[in-house]
Amino acid sequence: MKRAAPRIVHLVPHTHWDREWYLPFQSFRLRLVELVDGLLDEMEADPRVRFTLDGQTATVDDYLEVRPENEQRVARLVAAGRLAVGPWRILMDEFLVSGETLVRNLEQGMRRATELGRVMAIGYLPDMFGHVAQMPQLLRRAGIEDAVVWRGVPAAIDRHVFAWTGPDGSTVRCEYLLGGYGNGRDVLSLPDRIGHKLDVYVRAQLPAFGDDEILAMYGEDHSLPLPGYAGHVAAFNGSQDRYELRIATLAEYITATRARSLPERSWPGELRSGARANVLMGVTSHRIEVRQAAGRVERLLERVAEPLLALYGDVWPERLLDLAWRRVVENSAHDSICACSAEATVAQVQVRFAEAEQIARGVTERALSAIGRRVAEGAFVAVNPSPTARTDLVELEVLAANSPVGAPLVAPDGSPAPTQDLGVLERVVDDVALEAGEVVPYLRRRMHARELYTYQVNGYVLEGTAAETIVILDVDRVPDPPDLDVDALLEELDALATRAPGAPWRLQVVARPRRRLLAMVTVPPLGWTALAAGVGPSVAPGSAVVASARGLANGLASVTVAHDGTLTIGGSDVTLRGVGRLVDGGDVGDSYNYAPPPSEMLVDRPSRVTVTAGETGPLRADLVVTRTYVWPRGLLDDLSARTAETVEVDVRTRVELRAGEDFVRIALEFDNRSLDHRLRFHIPLPAPTDRSFAEGQFAIVERGLEMEGGHGEWPLPTFPAHGFIAVAGVAVLLDHVLEYELVDGGELALTVLRATGLISRDRHPWRDEPAGPVIAAPTGQAQGLRRLAFAILPHAATTPGARVLEAAERYRQPFLTTIGSGPRQLALTEATGLAVEGEGVVMTSLRRRGDALELRLVNESGEGKRAVIRGSFTSTATVDLLGRPQGDERTCSGVVERLLGPWEIATIQLR
């Protein structure tokens, strides 16, 4: 009788390396150095040893920063295929960062792995808290055909391999890690009982693998395999014939089995099921300030700094931009961006975002200065970061002497721009009593050449009485006259003072009065328009804002404040009532998951409401609604209910409407003094609905009222949105990731704050498994001043289309301003940088790559769309996400048309 062939089990030794989490980065790095030191020694001593270094090259670079002498040792093992690295730089959370951050992460990781000798060309995604819909397309456009996932896979997938398809139709072969990335960690735990351990493991995996060769992920968090494990495997293989254990990297396993293990199941779109693993959805709403920092920096880099530098910069600061992106990508690590971490880790995350923002703002200023040199000195410049012509508001400070009340700003064609007078700024920068002989020494200690207190010294006048002489030093942001001799000015003052050195003088440093003007201006695509102070009356804008004691309207949208402080918001085709009801409840959860106390007490009615008028139009008007609430101070010690002790909290809601906008801007602000609670902003819908849409990473995803559960985590249907949330009746425009829930199909609830003081809670009422260690994280209670801003667009469409995309672009990308510094004889002018036309086509990136402009466009539509690109270029070429040519370079004369398929991400180089 023929004996059955042994069952093949591929043993993939690896570690899962959280770069920072319950310990900060440097503490974990000490462990990493020890781990890799031991790993290199064992791999060099035994050629049978393989290792998969968690799919992220950060583990290599963090190690080599301490052990630079070992780079060649690492590279030899990588090139030989025994040490698998990449393709990511960091194992990230996919939902809490932008799509472009995912691209730069992949780009950095594949570049570094290539330098080391070989890329593990597998989309390794072992511990992300779910997976975004466009991941298959991202991987395919980087040349990767396989993915490996754990969390988020729905119950419908009952095999270890399935076809995962993105909204554009891109498909990857996806390996499902049933039981997680450490599913085989116990196989060698008892070397003399490997057969028994394999029996247990194979039985658990058999329903998913059937007759296929089985994968066992042999490793866990921050650990190495058993020393000498290759010898134990060899001895076991020689001692029996039921199993054949093959030591492999993950890449070797995929290569060996992909042709025989074909997908029998498929899944389209995002993976957010809790059927067999927790997806820990509460991280979206915990520490919202981290989400705000991420959104702010990503927008600056992707849509302001890089595009403006690419079009107008004197040089391309590649190294600086790379440093900024490295900080952003480092922060995308799931325990970093999710902020479900130790206090020191969260603080370090915020420092990295601050560093990236400093670089982004600094290089943006260089780009704006370069634009300013093309405009006459003293003129104002409005800059449009969008690839379409737009009309928007800019706020400027005009010398009051040059701008009488009611005078307009003049555009390049001589037409007056609609303006709104915001008042005159009169600044006394310094006012000090001195003896006459002390004045010049006082100034010399504080002046740097012509600069004093960040202003430019422009002259002085003497005033006063017989009792006191007043020296009024005239300063301004602009040097006027440009050729003032400051030394001569000080010598002149000194000569006056020597006549009576002990006499009482008063020095006043006075900035020239400037009128604050709000102007409505039209600016070309990714271009700029120069403006100058004009004469004559201002002109009224179309759709001017009219304000009343409790309402605002501009003909496109209206908002009225009710007696309870909620809002009625009207648009051209729908009216929303009761908008902004705030609901505060307890939270006995942790940083990973929300849970209400058993005896819940919700607070949704204010004790008093006041409405204060602010600006009154015609370009911008606002109201401030202050609602006072009495919230419980925290939770009882046994977590059964909220405390009887309360705190009084004023929640200020600034409601703003602008001319030309069909949405209402909302800004919340309050001093949080309550603990362990969740606050949500509710928007009642005009009619029930069973689905919502959210712009995420290069896609608009559709979601229902429920989330699949089954693993022991309450399937709370709260979801992340990146650019906007849309349901029938309303769209909410966002400038950072925010959590939302479609409550029973009748209300949209936005999470304003979720305060909790633990990383993880062992006995969590809505989650069976601990998600991490029980460590206090007191700043997670979000005490102190809290702010949140978004906009509400009433619209009757059942699905979001071009109108929502255009409104989101306008909300997220305000105009920038700078001052002209070129020759004064330059005429007022304007310029176009690069234009993109196409309904539903979104620009997500524009940068320099070598001698080319590299443009990334996304068709955020389920239909094919035509994109037209106009600019100063003579050839175009399609490239992949990594900038590699795809073989269709062609010449043109500054105009190119491109048909984008549904949900296609297209990267195009222009020369």
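Modeller: In this predicted model, a strand is a DSSP run of E with at least two residues, a helix is a run of H or I with at least four, and both are numbered from the N terminus. Pro87 sits in the loop between β3 (83–84) and α4.

Biologist: Where does Pro618 lie, and what is the form of the bond from Gly617 to Pro618?

Modeller: Pro618 is in the loop between β28 (608–616) and β29 (620–632). The Gly617 to Pro618 peptide bond is cis, with omega near 10°.

Biologist: What angle do helix α4 and helix α10 make, and why is their arrangement called what it is?

Modeller: Helix α4 (residues 99–116) and helix α10 (residues 318–331) pack at about 105°, with axes 10 Å apart. Angles of 65 to 115 degrees count as roughly perpendicular, so α4 and α10 are roughly perpendicular to each other.

Biologist: Which residues make that contact, and how many fall in each class?

Modeller: From α4 come Glu100, Thr101, Arg104, Asn105, Gln108 and Arg111, and from α10 come Asp322, Trp325, Arg326, Val328 and Val329. By class, the contact of α4 with α10 has 3 nonpolar, 3 polar and 5 charged residues.

Biologist: Is Glu747 buried or exposed, and how do you know?

Modeller: The relative accessible area of Glu747 is 17%. The cut-off for buried is under 20%, so Glu747 is buried. Its place is in strand β39 (residues 747–755).

Biologist: What makes the pair Glu747 and His682 a polar contact?

Modeller: The side chains of Glu747 and His682 come to 2.9 Å. A polar contact needs a pair of N or O atoms within 3.5 Å, and the 2.9 Å pair of Glu747 and His682 is counted as one. Leaving out residues up to four places away in sequence, Glu747 touches Arg581, His682, Ile683, Pro684, Leu685, Glu741 and Leu742.

Biologist: How do you know whether Gln697 is buried or exposed?

Modeller: Gln697 has a relative accessible area of 6%. With buried set at under 20%, Gln697 is therefore buried. Gln697 lies in the loop between β33 (692–695) and β34 (700–703).

Biologist: What lies 2.8 Å from a polar atom of the Gln697 side chain, and what else does Gln697 touch?

Modeller: The backbone oxygen of Val97 lies 2.8 Å from that atom. Beyond residues up to four places away in sequence, the residues touched by Gln697 include Val97, Glu94, Phe95, Ser98, Leu102 and His722.

Biologist: What makes the backbone of Leu280 and Arg287 worth noting?

Modeller: Leu280 has phi near 50°, a positive value in a residue other than glycine. Arg287 is not a glycine either, and its phi is about 50°. Leu280 is in the loop between β10 (265–268) and α9, and Arg287 lies in the loop between β10 and α9.

Biologist: Why are Leu280 and Arg287 placed in their accessibility class?

Modeller: Buried means under 20%. Leu280 is at 3%, so it is buried. Arg287 is at 4%, so it is buried.

Biologist: Why is Val424 placed in its accessibility class?

Modeller: Val424 has 36% relative accessibility. Buried is under 20% and exposed is over 50%, so at 36% Val424 counts as partly exposed. Val424 lies in strand β15 (residues 419–435) and touches Ala400, Pro513, Arg514 and Arg515, residues up to four places away in sequence not being counted.

Biologist: What makes helix α15 mostly covered?

Modeller: In helix α15 (residues 802–812), 9 of its 11 residues are buried. Among them are Ala802, Leu805, Glu809, Tyr811 and Arg812.

Biologist: Which residues of the largest nonpolar core touch the most other members?

Modeller: In that core of 156 residues, they are Leu83, Met135, Trp164, Leu250 and Leu857. Helix α9 (residues 288–312) supplies the largest share, 13 residues. Another core lies apart from it and has 63 residues, including Leu518, Ala557, Val701 and Leu748.

Definitions and conventions. Residues are numbered from 1 along each chain as its sequence is written. This is a predicted model: local features need pLDDT of at least 70, side-chain atom pairs count only at pLDDT 80 or more; totals for chains, interfaces and linings use all residues. Side-chain values use heavy atoms; hydrogens and water are left out. Buried means under 20% relative accessible area, exposed over 50%, partly exposed in between (1.4 Å probe, protein chains only). A polar contact is a pair of N or O atoms within 3.5 Å; within protein, one must be able to donate a hydrogen and the other to accept it, and residues adjacent in sequence count only if both atoms are side-chain atoms. Contact means heavy atoms within 4.5 Å. Axes are lines fitted to C-alpha atoms, for helices over the stretch in contact, and angles run from 0 to 180 degrees between N-to-C directions. Angles under 35 degrees count as roughly parallel, over 145 as roughly antiparallel, 65 to 115 as roughly perpendicular and the rest as oblique. Ala, Val, Leu, Ile, Met, Phe, Trp, Tyr, Cys and Pro count as nonpolar, Asp, Glu, Lys and Arg as charged, and the others, Gly among them, as polar. A nonpolar core is a set of buried Ala, Val, Leu, Ile, Met, Phe, Trp, Tyr and Cys residues joined through side-chain atoms within 4.5 Å.
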